[in-house]
Amino acid sequence: MGRYVIRRLLQMIPVFIGATLLIFLMVNVMGDPIAGLCGDRQCDPATAAQLEKEFGLDKPVWQQYLTYMGNVFTGDFGTAFNGQPVTELMATAFPVTIRLTIIAIVFEIVIGITLGVVTGLRRGRPVDSGVLLVTLVVISVPTFVTGLLLQLLLGVKWGWIKPSVSSDATFGELIVPGLVLASVSLAYVTRLTRTSIAENKRSDYVRTAIAKGLPRRRVVTRHLLRNSLIPVVTFIGTDIGALMGGAIVTERIFNIHGVGFQLYQGILRQNTQTVVGFVTVLVLVFLVANLLVDLLYAVLDPRIRYA
Amino acid sequence: MPEPMPPEPLLSGGGRVPEDGAIAATGMGGAMDLATAEGETLERAPAGPDGTGPTDRPRSLWSDAWRDLRRNPVFILSGLVILFLVFVSLWPSVIASGSPLKCDLAKAQEGSQQGAPFGYDGQGCNVYTRTVYGARTSVTVGVLATLGVALFGSVLGGLAGFFGGVWDSVLSRITDIFFAIPVVLGGLVLLSVVTSNTVWPVIGFMVLLGWPQISRIARGSVITAKQNDYVQAARALGASNSRMLLRHIAPNAVAPVIVVATIALGTYIALEATLSYLGVGLKPPTVSWGIDISAASPYIRNAPHALLWPSGALALTVLAFIMLGDAVRDALDPKLR
C-alpha cells in the first residue's frame, strides 16, 4: 500500500507540472499580462517596460515558470495586480466554493445513488423509464440554463429563495446553487449506479445471499450496493475537480463570491497571478481527489490489493 | 512491482489494457463525462461481428445495428429532430423571414405577436428569427468540433494503442494532463485572449481539449481489437502494419469512437453555448443561442420569453444528439442483444 501511494504520488508530478505549465503558457504567452494593469487604455511603452521588469516578465517564459513554482512551494502565490496577496483572495474564496462543492456532492450521493438503486432494481418498469428520461433531460439542459430557470422560478416568481447569495454564503443559501451545480453530475451518478446495480443484480453472490435467506434490505445494502459502487465512486472522485472548476457558471448566476467568481474576474481583467494561482490549486485538488478514489477502492472491494 | 489486481475487467478493454494504477478517470470535466463512461461500457463488449443469424446469410455488426436502430423509436425521433436542425441550419430563411440582425428598439421586450411568435428581446430583435438562425452556429460548431476531435483523437489514440511502447506511455501521460484541466476553465483562459469574431477559435479550443477523451477510447478499443485471433492470423500471414490497422483493426474498433463522438457532439453544442454565455465564446454579430441567453438574462423578470425560447432550442438540440448516441450505443452493444 505504502509503495503504491508513493508510486502514484510520483506519477502525479509530471501531470501537475504539465497542467500548470499549460495554463501558465496560455495566460502568459497568449495573453498580455501587462494589459490588465492599465485598465482599458493601452499602456505607454515606458510604463510597460518598467512593469515588465518589476514583475520579472522580461525574463524567458520557462524562467518565469520556474520562479513561480518555486514561490508556490514556499506558500507564496504572488500578489494580484491590485496589491492583494493571492493567498488572501484564496482564503476568502475557497471556503465558499468548498461549501458549495460539499452540498453538490451530498446531493450527488444521496439523490443520485438512491435513484440509481431504485431504478436499477426495477429495470424496465415505469419508474425506471421515467427517471431515465428525467436524467436525459437534465443532462441535455446546460447548467447555466438550469441555473437561470431555477433563479427565475424560485427566486423571482415564487420568492422561495433570494435570487443572489449574500457575501456570507452560508450553507442554507447555497442549497439551490449546489443543486444546480450538481444537476448534470447527479444525472450521471443515477445512470451509472443504475447500470452497475442492474449488472450485478444477476451475479452469483447476490443469488447466494438471497438463497441463504438474508433479508432483501441486507442483500441490497451489504452485497449489491458495495460491489456496485466502484464506478460511481470513481466518477464522484473525478467530479470534485470538475465541480470546483465548473462553479464558474453557477457562481456567476447566483453572484457567489467563490473560486469561480475570482477566476472569472481574474481572467477578464487579465490578472495573471490570480488565475495561475487558483488553477494550480484546482489541479492539485483534482489530482489528490483521484488518488483518494484509488485508495478507496481497496476499502470498498477487498479483492483489490495494492502492493 | 506487482500491479494492483482489478476485481474484474471493470473499466479497461477486456482487462488487458496495460493502464498502470487503477486510474479510471471518467472524463474531462462535467460536460463530457457521460460520453466517456458510456464509451467505456461499450469498449468492454467484444467488438466484431457476432456470428451468423438464424439464416445462413452472415450479418455484420453494422447491419445488425441498423436493423435494431430502424425499429427504435428513440432513434427515429432524435433522427428526425436532427434532420430538421440540419435543414434549418442550411436554409433558415425557409421558416423564418427577415434578418436576425434587424432589430427595432421600440419593440423591445414585447411579447408574442403577429410575425414574431416568440416575441422580442431586450434589443427589440425578433426572438423567433434569432432562435432559428442560431441553429446554424450551434450545429456548425458541434459538427466541426466533433469531426476534428474524432479524427485527431482516434488517429493518435489508435496508433498509440497499436504500436504501444514509449509513445503510448507518453500519450497516456499527455491525456492525463489534459484531463486535469477543467474544460470551462481552460476555455475561459484560452478564449479570453482571442479577439476573432469567427467560430474557428471556439472549434479549435474544443479540438484541443476534447481529443484526449476520444484518444483514450480509441486506444482502448484498438488494444482490445488487436488481440483478436484474426489480427494475429493476419500478422502471421505477413500483413503489413497499415493493412492490419486499416483492414482488420479499424473496422472493429471504430464503434465506441462513433458512440462517444455522437454524444460528445451534443455536449460540445452545450459547451459552445456555455462559453458564449460567459462572454468568451462566440461574439456578436454571430447569432448564437448562448449569446442570446446571456443577453436575455438581465431582463429575466420582464421578458422571460427571450430567455426561454433559445434555452429550449438549445436543450432540445443537445437532447437529440445525446439520445441518438444512446440509441446507437444500444444497437452496437452486442451484450444487450
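Is A:Arg191 buried or exposed? A:Arg191 counts as buried, because its relative accessibility is 7%; buried means under 20% relative accessible area, exposed over 50%, and partly exposed in between (1.4 Å probe, protein chains only). The model is predicted: local features need pLDDT of at least 70, side-chain atom pairs count only at pLDDT 80 or more, and totals for chains, interfaces and linings use all residues. Residues are numbered from 1 along each chain as its sequence is written, chains are lettered from A and ligands numbered from 1 in the order in which they are written, and side-chain values use heavy atoms, with hydrogens and water left out.

**Salt bridges**

- Side chains of opposite charge can pair when their charged atoms come close.
- Over all chains, the structure holds 8 salt bridges (a side-chain nitrogen of Lys or Arg within 4 Å of a carboxyl oxygen of Asp or Glu).
- One of them pairs the side chains of A:Asp128 and A:Arg194, at 2.6 Å from N to O.
- A:Asp128 sits in helix H5 (residues 126-140) of chain A and A:Arg194 in helix H7 (residues 175-200) of chain A, so this pair ties together parts 66 residues apart in sequence.
- Helices (H or I, at least four residues) and strands (E, at least two) are DSSP runs, numbered from the N terminus.
- Both A:Asp128 and A:Arg194 are buried.

**Contact between chains**

- A:Arg191 and B:Asp326 form a salt bridge through their side chains, at 2.9 Å from N to O.
- A:Arg191 lies in helix H7 of chain A and B:Asp326 in helix H11 (residues 304-332) of chain B, so the pair joins two chains.
- B:Asp326 has 10% relative accessibility and therefore counts as buried.

**A pair within chain B**

- The side chains of B:Arg173 and B:Asp176 meet in a salt bridge of 3.2 Å, N to O.
- These two residues are about one helical turn apart, because they are separated by 3 residues in helix H5 (residues 165-179) of chain B.
- B:Asp176 counts as buried, because its relative accessibility is 12%.
- Elsewhere, salt bridges with shared partners join A:Arg191, B:Asp326 and B:Arg329 into one network.

**Surface patches on chain A**

- Patches are made of residues with over 30% relative accessible area and no salt bridge; like charges are joined within 9 Å, and nonpolar side chains (Val, Leu, Ile, Met, Phe, Trp, Tyr) within 5 Å.
- Accessible areas come from the Shrake-Rupley method with a 1.4 Å probe; for residues, only the protein chains shown count as cover.
- A patch of positive charge on the surface gathers A:Arg122, A:Arg123, A:Arg125, A:Lys201, A:Arg202 and A:Arg216.
- A:Arg216 belongs to helix H9 (residues 216-253) of chain A, and A:Arg216 counts as exposed because its relative accessibility is 56%.
- A nonpolar surface patch covers about 690 Å², with A:Ile98, A:Phe171 and A:Leu179 among its residues.
- Helix H4 (residues 86-121) of chain A gives the largest share of the nonpolar patch, 7 residues.
- A:Leu115 is in helix H4 of chain A; at 31% relative accessibility, A:Leu115 counts as partly exposed.

**UniProt record for chain B**

- An unreviewed UniProt entry annotates residues 135-325 of chain B as "domain: ABC transmembrane type-1".
- That span is 81% helix and 0% strand, and its end C-alpha atoms lie 19 Å apart.
- The unreviewed entry also lists "transmembrane region" annotations, including residues 74-92 and 174-193 of chain B.
- Residues 74-92 of chain B are 89% helix and 0% strand, with end C-alpha atoms 26 Å apart.
- Residues 174-193 of chain B are 75% helix and 0% strand, with end C-alpha atoms 24 Å apart.
- UniProt annotations may be inferred rather than shown by experiment.

Notes: Lys and Arg count as positive and Asp and Glu as negative; His and the chain ends are not counted. The place of a charge is taken as NZ of Lys, CZ of Arg, CG of Asp or CD of Glu.
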